[in-house]
Amino acid sequence: MTAEHKESAVEAQATATRDIYIPSERASVSGGGRPHVVAKDFSIYYGDFQAVKKVNADILSQYVTAIIGPSGCGKSTFLRAINRMNDLIPSCHTTGMLQFDGEDVYGKLTDEVLLRKKIGMVFQKPNPFPKSIFDNIAYGPRLHGMTDRKQLQAIVEKSLRKAALWDEVSDRLDRNALGLSGGQQQRLCVARTLAVEPEILLLDEPTSALDPKATAKIEDLIQELRGSYTIMIVTHNMQQASRVSDYTMFFYEGELVEYAETAQLFTNPKDRMTEDYITGRFS
Amino acid sequence: MNLGTRKILDNSFTAVGMGSIVVMALALLVVLTPIVYNGVGSVFFTGTIEHRTMLYKEFGRGDAKAIETQTATADRYRAEAYRMLSDFEQEMEGMSLEASRQYRSKYAPVRAAMSSLLGPLPGDPVPMLTRFQYGQTRWEKAEEKLHNILYEKKWDYSDPTVMAKAFDVPRAEEFAGTKLAPLFSYAERHLADMMQPQFTVYWGFFTDRSLDAHIFGGIWPEIQGTFFLAIGAMLFAFPLGVIAAVYFTEYAKEGFFTSILRSANSTLAGVPSIVFGLFGLAFFINTMKVSESKSVLAGALTLAIMILPTIIRAAEEAILSVPKTYKEASLGLGSTKWNTIVTVILPAALPGIITGGIISLGRAAGETAPIIFTAAVSVGSAIGIADVFSSPTPALSWNIYNLASEHEMASEIRHVQYGMVLSLVSIVLLLNLSAILLRAKISQKLKG
Amino acid sequence: MTEEVKTDGQRSSAFVVSPQKRKMQKLAKNAGETLLLGIASFVAIIVLFIFFFVAVDAIPYFQLRGFTEFFTSTGWYPADEPGEFGALAIIYGSAMVTFGSALLAVPMGIAAAVCLSDILPFSVRQYAKPVIEMLAAIPSVAFGFFALVILAPLLQSNGGPLLMWTWWILAAPFLLLAVIVAADLLSARFAQEENRKKMALLLQSLFGLLAVLVLYVVGTKLNAIEIITGTNALNVSIILSFMALPTIVSVAEDALQSVGRELREGSYALGATRAETLLKTVLPAASSGILAAVILGIMRALGETMVVWMASGNSSHIPDPWYNYLDAVRTLTATIAGDMGEADQVTGSERYHVLFAMGLLLLVISFFSNLVSERIVVRQRKILSGQ
Amino acid sequence: MILKRILLLLTVLLFAPVDGGAADGGIVIDGSTTVGPIAKSFAAYFTGRYGVPVTVSESGSGNGAKSLINGTCDIAAMSRAMKSREIAAGATKGVSPKEHVIALDGIAIVAHPSNPVPSITKAQIAAIYQGRITRWNAVGGPNARIVVIQRESNSGTQGSFRELVMGKGVKITRDAETQASNGAVKNRVSSTPGAIGFLGLGFVDSSVKVLGVNGVMPSPATIQNGSYPVSRPLYMYTDGEPKGEVKRFIGLPETVDGKRIVEELGFIAK
């Protein structure tokens, strides 16, 4: 065992003993509040490097959970682990348990394609396909076997309406999606994700590439969708986290340092590091 | 060193660089100019009545009435020349044995030159070979032939210790005083009347079959063979290459085996083309027996493995240039990997892949060495699509070599050779140009 | 969780599938990937096959005749009984035309690459690159045709004057430059500060006279040369250098581009001229990539068939004297193309197999050159990325 | 879209039936470049007359023999007789080559027209090709280097030349330039003042000067009566007795038309 190995092992032990606040059920959103995603001693490695260290947390259904933390703290990694997007990185592997609806996400019998259908994702940079707006939205439903044009049209409209984009693009569904503005593109991506009817929406810094106006629209959209989906959003922007989320997780160097109701975390952080971070003493 | 010298050195350095580029551009120009100039001459030239007659008789093309009237006019002028010939022949009958023998040996070349200008002379049997059935079809050649009639090229062999110099002897002097003497000035004056030169645009050059080993007619069999070979090669190499590129970019895990595969790819790219020919002969024909002997199939397969690495590289580059986010988005929507590749990545990479494909197509069309032993024949008619599995084919690249260096009348049919070279070069360059344009269009699109 | 049965996609959150289905999925995935791997390995298989099939037909030759004759004798009489299969002269011919083309193409190629990457403005570069690509795309048989039908007669009828003019055009500027530099250096070294200009002028005129003399004498000598045969090593070298140029330029340009701007800016900031920056900083940094470019270009020339077959004259002898580029030579590729006619694999004679032995030789050379150039490129990438 | 249209056009062009197409039951000829013109002209005549397609490859006599033995051609055109080794090889493959003489050919010794040497002896030719004589003045000509031009080793003409002029086992000098075909030899000789070469008589034209051998100029008469020393028959070989179309083709040299084709091409009908 190398020195590095030892060190990380020691650190991992330290993490395990840390007391993590796990939010209890709350009923402010109707039907919500059950643990939708549950992490138990969940760690993620890139080769030998432990990027996320033994996270224990319940993510509650129908709520918006924000993940904040300095860059490189493992927040995106954690988010991407939930729908197994990290599978794309060959050296990436996990330990511990991550459950979704009580089933092991990394279990032997998990079909990651079905999983991703249930857990949709929107990325940092708007990434519409170089196809028409219609085809972009219809891409998912088509994948899952829908061919009927009428049904597709209905879904496209519904998704675009949900994503608050319908009014802007309803007259040019056959145009190339790359012709839309950045904010529209990002909402298109949200609509595209909604079209496959996921239960969870993972938003990976969805506004970092957008201007303030477009950002506001996306934030409004998140508010709209709250209650219908379990939403997790990674963000650099603490104001955004406090504006849109019910719960906030603070990651630092791969550890889940603090997890609490948003209001509480921002006004009365328990951990010294959290306080330092939200007051901007380091970033 | 003082600053002035350094500046001079700097400028001369720049000049050397520029000079090299200019030299390359000049090289391109120097190579292409004669090819284009002479190649165009295979289609646009001043044709004689013989050319039109040949076209009408052999290919059934042309304005029958116009040809008839022109032939009549030409025949009128020719008749006069023929009359002089026969008058002289009669005159020789009456000469002394000695004089007649002397004239006879001088007369034979005149007659030969006449018939090579005007076609078979009256009284001659119709020649079996098409090449002798017509006179000169091209005006510039007709003018050369006239020179042969008017002058005898002689070499001064008087001093055997020096290389002889050539000199022309006007035949009019040699035959002075005979009934043949007026022929020479007559031929000179009425060459145009006898040949009826006319500016000709012979598009059939590209679409006609060849006649009598390319002495007349067009180069369609070669063009078709080239297309068969190149497209055949693409049919094999393109799907394989794209799939292999997908594997390399999307599935291969970095490791010993993958690095071996990559090395193999670049090795294949560096194999000399003649070795592909050897391999094609040893493997496809002698071992696999894909066909009894040379065939389009064997040639296309050989060319396919030759262009495979180029296609793989181009496709790899194209796939790698597709933004990773597309893939993430598609997978995030619950698409399978394969589905993502087929519906998102390949369509986005398609222009790049096609660009690579087009360049490879050009390369396959232009290569000669791999098809020498596997597919090419010197003379053959255009083959049907059904014969590609068993028949060899003529092809532009091979027949350029063949006509330029093996044909018995190589220097007589330079225009055909140039026409073939121009066709091949244009096919390849047009393909490349369209690839370049396509690429430029894509990069513009990517920039927004 | 209620008693829901774990069957395919029944439950609302059913991303977990039955073991059978998972197994099938895995199997299908593996099968698919294996198929892809199979197709991708096709390339490797072909390479193996090429080596194998060429070697299988080459080895009998060495079994029958050993290695000594092939590599040391110049007697090439494959049709005789018994035949002589000395390939030394042919290997030498290949080396000679390859070297000749490299001599022309390498400096020109590197200069053009430098020009493309550092000197020309982007707008010109956009047009220059396609020109180079066009040069690369012209089929070799067209070059061969040009060499045979146009260049060879030209060399034969006007060889001397052509050589002279080329000499003047190429040598005059370089000699002039050398004169200026030499005068500058010497005067800086030996003269006092105040005399320097005078001294430089004196030296310049002195050296200048000398240079003109050299130019004239060599020029006259060249002018007097009578090229007996136009299909010779020089002709082929010139044409092959055209064909190798695009490869060298494009690979070398990539290498130069991969040297970052920082390096260049560092040098300029110290007051270096462009030439000094490029020669002393950029070119050394890109040297391994340029070496790879040179190797690839040389391979192109070595492997070319049609041009050498049509225009090298095909005499299987070592020219006399050995550096005589105006003599006809014969190369490996042309021998294979030309002699395969007698390729008598039926009786399995040496004649057939010796050609495959030549093919194997070419194959081995190209394989190792490729390996070397690949290694070089990888190393260059590592150096530049600071590992 | 434009691309699509071009592709469509190309497809139509490519598969459009041009001059009959199908080569079913056609005759495949492979072999000598010397016999090439005869084979090609016969092919054109035969196709025109009987509608049977004929393809001709000119890859050298040796290659023709090989192809016949391998069963990859119907007729091997050869400018030399088949060697015993080749016949033996054929036997192992169940092919029994049958010889047909189709014409006679003189091998003309040619030089550049500017060369004043009128005639040369067989011994001198042999000496030149062995590299023992390297300058024209040794044979009564000017003081110039002799550029020796020979044929590729697969050439039947070269085989015949060596046998007829140089004798068995005598080697041609390595300095000799090698050309792949009769046409190439003619081109080289006609453009190179110091050159000497040998050609099938059918390829000779005014661009080269024919040298007499032992004082005899090659002509149909001197070749037929045997006074010109460097002449040989030209052959076509078939596998066993020819049948059907092949038989008809092989019979061409016996016909009046066939004889005339041979003569028009400059060869000597048998």
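**Chains C and D, and the cavities**

Let's start with one pair: C:Glu84 and D:Lys171 join their side chains in a salt bridge, with N to O at 2.7 Å. That is the 1 salt bridge the rule finds across the interface of chain C and chain D. Keep in mind that this is a predicted model. Below is a quick tour of that interface, of how the chains pair up, and of the cavities.

**Where chain C meets chain D**

- Across this interface, 15 residue pairs are in polar contact, with both residues at pLDDT 80 or more.
- Sort the chain C side of the contact by class and you get 9 nonpolar, 16 polar and 9 charged residues.
- Chain C brings 34 residues to the contact, and chain D brings 30 residues.
- Between them, chain C and chain D bury about 2600 Å², and 42% of that is on carbon and sulfur atoms.

**Who touches whom**

- There are 5 pairs of chains in contact, and chains B and C are the pair that shares the most contacts.
- Chain A and chain D have no contact joining them; their closest C-alpha atoms are 17 Å apart.

**The largest cavity**

- Searching the whole structure turns up 8 cavities of 30 Å³ or more.
- The largest cavity comes out at about 160 Å³ in volume.
- Its lining has 19 residues, and the ones closest to the centre are C:Trp76, C:Pro78, D:Gln150, D:Ser153 and D:Gln158.
- By class, the lining of the largest cavity splits into 6 nonpolar, 6 polar and 7 charged residues.

**The second largest cavity**

- This one has a volume of about 110 Å³.
- Of the 14 residues that line the second largest cavity, B:His51, B:Tyr202, B:Ile215, B:Gly217 and B:His415 are nearest its centre.
- On chain B, helix H2 (49–59), strand S6 (216–217) and helix H18 (414–447) each put at least two residues into the lining of the second largest cavity.
- That lining is made up of 7 nonpolar, 6 polar and 1 charged residues, while the lining of the largest cavity has 7 charged residues.

Definitions and conventions. Residues are numbered from 1 along each chain as its sequence is written. Chains are lettered from A and ligands numbered from 1 in the order in which they are written. This is a predicted model: local features need pLDDT of at least 70, side-chain atom pairs count only at pLDDT 80 or more; totals for chains, interfaces and linings use all residues. Side-chain values use heavy atoms; hydrogens and water are left out. Contact means heavy atoms within 4.5 Å. Buried area is the accessible area (1.4 Å probe) that two parts lose on being put together, summed over both. A salt bridge is a side-chain nitrogen of Lys or Arg within 4 Å of a carboxyl oxygen of Asp or Glu. A polar contact is a pair of N or O atoms within 3.5 Å; within protein, one must be able to donate a hydrogen and the other to accept it, and residues adjacent in sequence count only if both atoms are side-chain atoms. Ala, Val, Leu, Ile, Met, Phe, Trp, Tyr, Cys and Pro count as nonpolar, Asp, Glu, Lys and Arg as charged, and the others, Gly among them, as polar. On a 1 Å grid over the protein atoms alone, a cavity is a set of points where a 1.4 Å probe fits but cannot get out, and a pocket is an open set with protein on both sides within 12 Å along at least five of seven lines; lining residues have an atom within 4 Å of a point. Grid points are joined across faces, edges and corners, and a volume is the space filled by probe spheres set on the points. Helices (H or I, at least four residues) and strands (E, at least two) are DSSP runs, numbered from the N terminus.
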